[in-house]
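Reader: I am new to this structure and would like to learn how to read it feature by feature. Could you show me the chain before we start?

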Amino acid sequence: GTDVDIIAFDIAEGAKTPVINNSSSYSIKNEEPFTLQITASRDPSWYEAPGIPPGLNLNPNTGAISGSPNKAGSYQVTFKAYNGEGVGQKKISFTVNKNIPVIKGMPLISGITGQNVNYKIEATDNPTTYNAQYLPTGLIVNSSTGAITGTPTESGMFKVKLWAQNS
């Protein structure tokens, strides 16, 4: 057999603290402008975001985050929104990605066999490693500084492939 009964639930209204609606993670680019609005229900009047990446700023009155992050890495942030009933919180992950270096210009480098050559690979975003392929015999690249130096022992036109990268 089966027994059926009716019961009652008495659910009291809890505090009406803000509920933060933002995504739980953001992936952003280093040194590029970024904006984000902390969004929360129940009319918050004050915001906090301890631990936001360096270079970003929070307007505590509006919950607007803006700026250009200036240090790549992972950041754990707690968004907080306050109203007269209390505080709502949500943990947020920010990943600030290193930018890919861009080699500046591709000039024609002139040299003479038997004479010293000195050229530096120039690139944006502070590369940590450099490389070059198809250099004329006698030239080498310093992988830490990007300096191409040496004394060429052969003449001709050489198409050299350059790299710059961040680790």
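Author: What follows goes from the whole chain to a few single residues. This is a predicted model, in which local features need pLDDT of at least 70 and side-chain atom pairs count only at pLDDT 80 or more, while totals for chains, interfaces and linings use all residues. Residues are numbered from 1 along each chain as its sequence is written, and side-chain values use heavy atoms, with hydrogens and water left out.

Reader: How many helices and strands does the chain have?

Author: Helices (H or I, at least four residues) and strands (E, at least two) are DSSP runs, numbered from the N terminus. Here the chain has 0 helices and 12 strands. Its radius of gyration, taken over C-alpha atoms, is 29 Å, well over the 15 Å that the globule rule (2.2 Å times the number of residues to the power 0.38) gives for 167 residues, so the chain is more spread out than a compact globule. Along the principal axes, the C-alpha atoms fill a box of roughly 100 × 55 × 20 Å.

Reader: What share of the residues counts as buried?

Author: Buried means under 20% relative accessible area, exposed over 50%, and partly exposed in between (1.4 Å probe, protein chains only). Of the 167 residues of the chain, 29% are buried by this scale. As for contacts, meaning heavy atoms within 4.5 Å, 59% of those between residues at least 6 apart in sequence join residues at least 24 apart.

Reader: Where is Asn 22 found, and is it buried or exposed?

Author: Asn 22 is in the segment before strand 1 (25–29), and it counts as buried because its relative accessibility is 5%. A polar contact is a pair of N or O atoms within 3.5 Å; within protein, one must be able to donate a hydrogen and the other to accept it, and residues adjacent in sequence count only if both atoms are side-chain atoms. The side chain of Asn 22 makes such a contact with the side chain of Tyr 26 at 3.4 Å, and it also reaches the backbone oxygen of Gln 37 at 2.9 Å. Leaving aside neighbours within four places in sequence, Asn 22 touches several residues, among them Leu 36, Phe 79 and Ile 92.

Reader: Which residues does Ser 93 touch?

Author: Ser 93 belongs to strand 7 (residues 86–97), and it is partly exposed because its relative accessible area is 24%. Not counting residues up to four places away in sequence, Ser 93 is in contact with Ser 24, Ser 25, Tyr 26, Tyr 75 and Gln 76.

Reader: Which backbone oxygens does the side chain of Asn 166 reach?

Author: Asn 166 lies in the segment after strand 12 (161–165). Its side chain reaches the backbone oxygen of Asn 99 at 2.7 Å and that of Asp 125 at 3.3 Å. Other residues that Asn 166 touches include Lys 98 and Pro 127.

Reader: What is the value of phi at Arg 42 and at Asp 43?

Author: Most residues other than glycine have a negative phi. Arg 42, however, has a positive phi of about 65°, and phi of Asp 43 is near 50°, also a positive value. Arg 42 is in the loop between strand 2 (34–37) and strand 3 (46–48), and Asp 43 lies in the loop between strand 2 and strand 3 as well. Arg 42 counts as partly exposed because its relative accessibility is 45%, whereas Asp 43, at 70%, counts as exposed.
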